[in-house]
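These are my notebook entries on a predicted model. I record below what I looked up, topic by topic.

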Amino acid sequence: MRIAIIAVGSRGDVQPHIALGVGLQAAGHDVRLVTHTVFEALIHRLGLDFFPLAGNPRDIVEDEMGRAWIKSGGNSFLFFQRFSHIAEPLIQQATLDCWNACQGTELIVFSPLAICAVISVAEKLDVPFWIGAGQPLTPTGAFPSPFFPALPAWFSFGRRKYNWLTHTMSARLFWQLIKTPVNKARKDILNLPPLPSQWLYENMKGQGFPMLYYFSPSVLPRPADWSNENHVTGYWFLDDKMDWQPPAALVDFLA
(Lines give C-alpha, C1' and ligand atoms only; values in the text may rest on other atoms or scores of the structure.)
Protein backbone atom coordinates (compact mmCIF):
# COMPACT_ATOMS: atom_id res chain seq x y z
CA MET A 1 0.00 0.00 0.00
CA ARG A 2 1.19 3.53 -0.80
CA ILE A 3 0.99 5.56 2.40
CA ALA A 4 1.68 9.26 2.93
CA ILE A 5 2.52 10.35 6.47
CA ILE A 6 2.18 14.10 6.97
CA ALA A 7 3.70 15.54 10.13
CA VAL A 8 3.51 19.23 11.00
CA GLY A 9 5.12 20.80 14.05
CA SER A 10 8.18 20.41 16.22
CA ARG A 11 10.32 17.28 16.64
CA GLY A 12 7.91 16.02 19.28
CA ASP A 13 5.15 16.01 16.65
CA VAL A 14 7.27 14.70 13.77
CA GLN A 15 9.59 12.02 15.18
CA PRO A 16 6.83 9.58 16.25
CA HIS A 17 5.43 9.73 12.71
CA ILE A 18 8.87 9.01 11.29
CA ALA A 19 9.01 5.97 13.59
CA LEU A 20 5.60 4.89 12.28
CA GLY A 21 6.90 5.27 8.73
CA VAL A 22 9.89 3.05 9.48
CA GLY A 23 7.59 0.39 10.91
CA LEU A 24 5.17 0.54 7.99
CA GLN A 25 8.00 0.30 5.48
CA ALA A 26 9.42 -2.72 7.33
CA ALA A 27 5.96 -4.29 7.01
CA GLY A 28 6.18 -3.96 3.23
CA HIS A 29 4.38 -0.69 2.54
CA ASP A 30 5.55 2.15 0.28
CA VAL A 31 5.89 5.12 2.65
CA ARG A 32 6.44 8.82 2.00
CA LEU A 33 7.15 11.25 4.86
CA VAL A 34 5.80 14.73 4.19
CA THR A 35 7.25 17.21 6.64
CA HIS A 36 9.64 20.13 7.17
CA THR A 37 13.06 20.14 5.51
CA VAL A 38 14.83 20.25 8.89
CA PHE A 39 14.00 16.51 9.17
CA GLU A 40 15.07 15.59 5.63
CA ALA A 41 18.51 14.18 6.53
CA LEU A 42 17.07 11.95 9.27
CA ILE A 43 14.33 10.63 7.00
CA HIS A 44 16.75 9.84 4.17
CA ARG A 45 19.15 8.15 6.58
CA LEU A 46 16.33 5.85 7.63
CA GLY A 47 15.61 4.95 4.01
CA LEU A 48 12.25 6.69 3.66
CA ASP A 49 10.96 8.82 0.82
CA PHE A 50 10.75 12.51 1.70
CA PHE A 51 8.56 15.34 0.42
CA PRO A 52 9.10 18.87 1.78
CA LEU A 53 6.56 21.09 3.49
CA ALA A 54 7.25 24.80 3.35
CA GLY A 55 8.20 26.50 6.61
CA ASN A 56 10.61 25.75 9.42
CA PRO A 57 8.84 25.10 12.75
CA ARG A 58 11.82 26.43 14.68
CA ASP A 59 11.56 29.78 12.92
CA ILE A 60 7.83 29.90 13.61
CA VAL A 61 8.04 29.28 17.36
CA GLU A 62 11.10 31.47 17.89
CA ASP A 63 9.76 34.70 16.42
CA GLU A 64 7.77 37.15 18.53
CA MET A 65 4.35 35.84 17.50
CA GLY A 66 5.41 32.22 18.00
CA ARG A 67 6.77 32.87 21.49
CA ALA A 68 3.53 34.61 22.45
CA TRP A 69 1.57 31.59 21.17
CA ILE A 70 3.61 29.11 23.24
CA LYS A 71 3.33 31.23 26.38
CA SER A 72 -0.48 31.32 26.09
CA GLY A 73 -0.81 27.55 26.58
CA GLY A 74 -2.62 28.03 29.89
CA ASN A 75 -5.35 30.15 28.27
CA SER A 76 -7.30 28.13 25.69
CA PHE A 77 -8.82 31.16 23.93
CA LEU A 78 -5.49 32.96 23.53
CA PHE A 79 -3.74 29.71 22.55
CA PHE A 80 -6.12 29.04 19.66
CA GLN A 81 -6.37 32.71 18.66
CA ARG A 82 -2.61 33.14 18.42
CA PHE A 83 -2.24 29.82 16.60
CA SER A 84 -4.76 30.99 14.00
CA HIS A 85 -2.66 34.11 13.33
CA ILE A 86 0.39 31.91 12.73
CA ALA A 87 -1.45 29.27 10.70
CA GLU A 88 -3.49 31.52 8.41
CA PRO A 89 -0.69 32.47 5.96
CA LEU A 90 0.64 28.88 6.02
CA ILE A 91 -2.56 26.97 5.28
CA GLN A 92 -2.69 27.88 1.58
CA GLN A 93 0.87 26.68 0.95
CA ALA A 94 0.44 23.61 3.15
CA THR A 95 -2.67 22.57 1.23
CA LEU A 96 -0.80 22.87 -2.07
CA ASP A 97 2.22 20.97 -0.73
CA CYS A 98 0.05 18.16 0.66
CA TRP A 99 -1.94 17.95 -2.57
CA ASN A 100 1.25 17.49 -4.58
CA ALA A 101 2.75 15.07 -2.05
CA CYS A 102 -0.27 12.77 -1.91
CA GLN A 103 -0.78 12.08 -5.59
CA GLY A 104 -1.15 8.31 -6.03
CA THR A 105 -1.37 7.59 -2.30
CA GLU A 106 -3.88 5.09 -0.95
CA LEU A 107 -3.88 6.12 2.73
CA ILE A 108 -2.89 9.24 4.67
CA VAL A 109 -1.77 9.41 8.29
CA PHE A 110 -1.22 12.88 9.70
CA SER A 111 -0.46 14.80 12.88
CA PRO A 112 -3.25 16.93 14.40
CA LEU A 113 -1.90 20.31 13.26
CA ALA A 114 -1.99 19.07 9.66
CA ILE A 115 -5.78 18.75 9.75
CA CYS A 116 -6.01 22.31 8.38
CA ALA A 117 -4.77 21.06 5.01
CA VAL A 118 -4.90 17.28 4.88
CA ILE A 119 -8.58 16.71 5.57
CA SER A 120 -9.46 18.54 2.35
CA VAL A 121 -6.76 16.77 0.33
CA ALA A 122 -8.03 13.37 1.52
CA GLU A 123 -11.55 14.39 0.53
CA LYS A 124 -10.46 15.50 -2.93
CA LEU A 125 -8.44 12.32 -3.52
CA ASP A 126 -11.17 10.16 -1.96
CA VAL A 127 -8.69 8.21 0.17
CA PRO A 128 -9.02 7.10 3.82
CA PHE A 129 -7.05 8.80 6.58
CA TRP A 130 -6.00 8.36 10.20
CA ILE A 131 -4.99 11.08 12.65
CA GLY A 132 -1.94 10.17 14.75
CA ALA A 133 -1.87 12.02 18.08
CA GLY A 134 0.27 11.85 21.17
CA GLN A 135 -2.36 13.43 23.43
CA PRO A 136 -6.09 12.69 23.79
CA LEU A 137 -8.28 14.84 21.56
CA THR A 138 -11.43 12.70 21.33
CA PRO A 139 -14.19 13.89 23.68
CA THR A 140 -14.55 11.91 26.89
CA GLY A 141 -16.07 12.31 30.30
CA ALA A 142 -13.01 10.75 31.93
CA PHE A 143 -10.80 13.87 31.88
CA PRO A 144 -10.86 17.40 30.44
CA SER A 145 -9.24 18.66 27.27
CA PRO A 146 -5.57 19.61 27.71
CA PHE A 147 -6.63 23.18 26.87
CA PHE A 148 -8.97 23.49 29.85
CA PRO A 149 -8.32 23.20 33.61
CA ALA A 150 -9.43 20.15 35.54
CA LEU A 151 -12.11 20.66 38.17
CA PRO A 152 -10.86 20.58 41.78
CA ALA A 153 -11.06 17.21 43.53
CA TRP A 154 -13.84 18.32 45.83
CA PHE A 155 -16.08 19.31 42.89
CA SER A 156 -17.84 16.06 41.97
CA PHE A 157 -21.20 17.25 40.60
CA GLY A 158 -21.27 17.33 36.77
CA ARG A 159 -17.60 16.42 36.40
CA ARG A 160 -18.08 14.05 33.44
CA LYS A 161 -20.30 16.54 31.61
CA TYR A 162 -17.77 19.31 32.18
CA ASN A 163 -14.92 17.12 30.88
CA TRP A 164 -16.88 16.23 27.73
CA LEU A 165 -17.77 19.85 27.05
CA THR A 166 -14.15 21.00 27.30
CA HIS A 167 -13.25 18.75 24.37
CA THR A 168 -16.11 19.84 22.14
CA MET A 169 -15.62 23.50 23.03
CA SER A 170 -11.93 23.23 22.12
CA ALA A 171 -12.94 21.90 18.70
CA ARG A 172 -15.56 24.61 18.24
CA LEU A 173 -13.16 27.41 19.15
CA PHE A 174 -10.28 26.08 17.06
CA TRP A 175 -12.45 25.64 13.97
CA GLN A 176 -14.01 29.10 14.18
CA LEU A 177 -10.52 30.62 14.13
CA ILE A 178 -9.18 28.66 11.14
CA LYS A 179 -12.37 28.03 9.14
CA THR A 180 -11.95 30.99 6.79
CA PRO A 181 -8.38 30.25 5.56
CA VAL A 182 -9.17 26.51 5.31
CA ASN A 183 -12.21 27.17 3.15
CA LYS A 184 -10.26 29.64 1.02
CA ALA A 185 -7.62 26.98 0.34
CA ARG A 186 -10.34 24.43 -0.45
CA LYS A 187 -11.81 26.79 -3.05
CA ASP A 188 -8.61 28.17 -4.57
CA ILE A 189 -6.52 24.98 -4.72
CA LEU A 190 -8.89 22.01 -4.60
CA ASN A 191 -12.12 23.45 -6.04
CA LEU A 192 -14.09 22.05 -3.11
CA PRO A 193 -17.15 23.58 -1.41
CA PRO A 194 -16.68 25.22 2.01
CA LEU A 195 -16.94 23.21 5.19
CA PRO A 196 -19.79 24.32 7.47
CA SER A 197 -19.37 26.34 10.64
CA GLN A 198 -20.01 23.32 12.91
CA TRP A 199 -17.91 20.84 10.90
CA LEU A 200 -15.08 20.15 13.35
CA TYR A 201 -17.36 20.37 16.38
CA GLU A 202 -19.81 17.83 14.95
CA ASN A 203 -17.07 15.43 13.92
CA MET A 204 -15.38 15.60 17.30
CA LYS A 205 -18.68 15.35 19.18
CA GLY A 206 -19.67 12.29 17.15
CA GLN A 207 -16.15 10.81 17.33
CA GLY A 208 -16.13 10.77 13.55
CA PHE A 209 -12.37 10.92 13.02
CA PRO A 210 -10.34 7.68 13.11
CA MET A 211 -7.55 8.23 15.65
CA LEU A 212 -4.27 6.46 16.38
CA TYR A 213 -3.05 7.49 19.83
CA TYR A 214 0.63 6.84 20.35
CA PHE A 215 0.71 6.79 24.13
CA SER A 216 0.68 3.85 26.52
CA PRO A 217 -2.62 2.65 28.01
CA SER A 218 -0.58 1.98 31.17
CA VAL A 219 0.08 5.73 31.41
CA LEU A 220 -3.40 6.83 30.33
CA PRO A 221 -6.06 4.08 30.13
CA ARG A 222 -8.34 4.21 27.11
CA PRO A 223 -11.61 5.87 28.18
CA ALA A 224 -14.61 3.55 28.16
CA ASP A 225 -16.74 6.12 26.31
CA TRP A 226 -14.49 6.23 23.23
CA SER A 227 -15.81 4.65 20.05
CA ASN A 228 -14.08 1.88 18.10
CA GLU A 229 -12.53 4.55 15.86
CA ASN A 230 -10.06 5.41 18.65
CA HIS A 231 -7.04 3.13 19.02
CA VAL A 232 -4.37 3.46 21.73
CA THR A 233 -1.35 1.83 20.11
CA GLY A 234 1.49 2.42 22.59
CA TYR A 235 4.42 4.72 21.92
CA TRP A 236 5.96 5.07 18.46
CA PHE A 237 9.65 4.94 19.35
CA LEU A 238 12.27 5.59 16.70
CA ASP A 239 14.98 2.92 16.78
CA ASP A 240 17.67 5.15 15.30
CA LYS A 241 20.99 3.33 15.46
CA MET A 242 23.04 6.51 15.09
CA ASP A 243 25.55 6.69 17.95
CA TRP A 244 24.62 9.31 20.53
CA GLN A 245 26.14 10.26 23.83
CA PRO A 246 24.31 12.43 26.34
CA PRO A 247 26.00 15.71 27.26
CA ALA A 248 27.69 15.82 30.67
CA ALA A 249 25.13 18.25 32.07
CA LEU A 250 22.32 15.81 31.29
CA VAL A 251 24.20 12.90 32.86
CA ASP A 252 24.78 14.97 36.00
CA PHE A 253 21.13 15.96 36.15
CA LEU A 254 19.93 12.36 35.84
CA ALA A 255 22.43 11.23 38.49
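Entry 1, surface patch. I looked for nonpolar surface and found a patch of about 520 Å², made by Trp-244, Leu-250, Phe-253 and Leu-254. I then placed Trp-244, which lies in the loop between strand S7 (230–232) and helix H9 (248–254).

I located Thr-180 in helix H7, which covers residues 159–190. Is Thr-180 buried or exposed? Its relative accessible area is 56%, so I noted Thr-180 as exposed. I also checked Thr-180 against Leu-195: the two are 15 residues apart in sequence, and their C-alpha atoms are 9.4 Å apart in space.

I counted 8 aromatic pairs. For Phe-129 and Phe-209, I read a distance of 6.2 Å between ring centres and an angle of 55° between the planes, so I recorded the pair as tilted. This pair links distant parts of the chain, 80 residues apart: Phe-129 is in strand S5 (residues 129–133), while Phe-209 is in the loop between helix H8 (199–205) and strand S6 (211–213). I noted both Phe-129 and Phe-209 as buried. Which residues do ring pairs link into a cluster? I listed Phe-110, Phe-129, Trp-175, Trp-199 and Phe-209.

Terms used: Residues numbered from 1 in each chain as written. Predicted model: local features only at pLDDT ≥ 70, side-chain atom pairs only at ≥ 80, totals over all residues. Heavy atoms only, no water. Patch = residues over 30% accessible without salt bridge, like charges linked within 9 Å, V, L, I, M, F, W, Y side chains within 5 Å. Areas by Shrake-Rupley, 256 points an atom, 1.4 Å probe, with all protein chains shown as cover. Salt bridge = Lys/Arg side-chain N within 4 Å of Asp/Glu carboxyl O. Helix = DSSP H or I, 4+ residues; strand = E, 2+ residues; numbered from the N terminus. Buried < 20%, exposed > 50% of the residue type's maximum accessible area, 1.4 Å probe, protein only. Phe/Tyr/Trp six-rings, centres within 6.5 Å; stacked < 30°, edge-to-face > 60°.
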